[in-house]
Amino acid sequence: FAPDSRRLALLTARMVPAGLWYAIGYINGGGLNLRWFRDLVQRLGGGRVTDYAELDEWAARAEPGSGGLIFVPHLGGRVCPNQPDVRGGWLGLTWSHGVEHLYRALLESVAYEYAFYLDVERELIPSVTFDEVRVVGGGSRSAVWNQIKADVLGIPYVQLNVTEAAALGAAILAGHGVGVFEDWEASVARFTRPVRRFEPDGNATARYRPLAAYYRSLLEEHEALWRQLSQARTTGT
């Protein structure tokens, strides 16, 4: 049990196994940003359908780091830690950037936020080591996003065979509670398995390291600016 009482960035919740806890970081709309961008591109394209697979193809054409472009993904405010005045935006735009850089930077921003969470965990428990990340949810379907996260964190990313893991976990626990499953850990192993592993690329990890630091400084060192922008939005001045 190691609560984040200094930075107030991570929630700490009890796990089902006795004596274990897990840290929760939450991005307010990280996945919604993908839909927002997709819908925006569709409107600009006159209604032509653009799916996430096509957007991933665009992102794959851009180099790691998106040519120095950084996106802030908190369009509705930052939750972990609580910074309600923060909003989203791209920083570092030049005429050399294209739509592929815009979208890749959007994906990378979530990975930079994860890197911040990882740093907090390592501060809380200096002896902790991480062998791999197991990814679930809708975003786990994106190979390019999984690779970006592996590269930014420098930790292998493992895609599982399930996306709706919360519903599956609730069903397994309910089954255990009524006696359908005798051993819930064995049931988890029965229903879930790794399907693809993404190894971090050392060169990409090195390129991402300073960009993740820039991203963090944008949020931690410019709170007065975010607050002023928030006041301008609400007052019209």
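**Cavity, pocket, core and helix**

In this predicted model, a search of the whole structure finds one cavity of 30 Å³ or more.

Trainee: Which residues line the largest cavity?

Mentor: Arg78, Tyr112, Phe116, Tyr215, Arg216 and Glu220. H3 and H7 each give two or more residues to this lining. H7 has the largest share, three residues.

Trainee: What is the volume of the second largest pocket?

Mentor: About 260 Å³. Its lining has 15 residues, and the closest to its centre are Ala115, Asp119, Val152, Arg209 and Ala212. Helices H3 (99–124), H4 (143–153) and H7 (202–220) each give two or more residues to the lining. By class, nine lining residues are nonpolar, two polar and four charged.

Trainee: What is Val152 in contact with, leaving aside its neighbours within four places in sequence?

Mentor: Ala111, Tyr112, Ala115 and Tyr208. Contact here means heavy atoms within 4.5 Å. Val152 is also in the largest nonpolar core, which has 45 residues. Val152 is among those that touch the most other members, with Tyr103, Leu107, Tyr112, Ile148 and Tyr208.

Trainee: Which element gives the most to this core?

Mentor: H3, with twelve residues.

Trainee: Why is Ile125 called partly exposed?

Mentor: Its relative accessible area is 31%. Buried means under 20% and exposed means over 50%. The value 31% lies in between, so Ile125 is partly exposed. Ile125 is found in the loop between H3 and strand E5 (133–135). Its C-alpha atom is 7.4 Å from that of Ala2, 123 residues apart along the chain.

Trainee: How do you know that the reach of helix H1 is close to the expected one?

Mentor: H1 (residues 30–44) has 15 residues.

Trainee: Which residues of H1 are buried, and what covers them?

Mentor: Gly30, Asn33, Leu34, Phe37, Val41 and Gln42 are buried, so each has under 20% relative accessible area. Their cover includes helix H2 (52–61), strand E3 (70–72), strand E4 (89–91), H3 and H4.

Note on methods:
Residues numbered from 1 in each chain as written. Predicted model: local features only at pLDDT ≥ 70, side-chain atom pairs only at ≥ 80, totals over all residues. Heavy atoms only, no water. 1 Å grid on protein atoms, 1.4 Å probe; cavity = no way out; pocket = protein on both sides within 12 Å on 5 of 7 lines; lining within 4 Å. Points joined across faces, edges and corners; volume = space filled by probe spheres on them. Helix = DSSP H or I, 4+ residues; strand = E, 2+ residues; numbered from the N terminus. Nonpolar A, V, L, I, M, F, W, Y, C, P; charged D, E, K, R; others polar. Buried < 20%, exposed > 50% of the residue type's maximum accessible area, 1.4 Å probe, protein only. Expected span 1.5 Å × (residues − 1). Core = buried A, V, L, I, M, F, W, Y, C linked by side-chain atoms within 4.5 Å.
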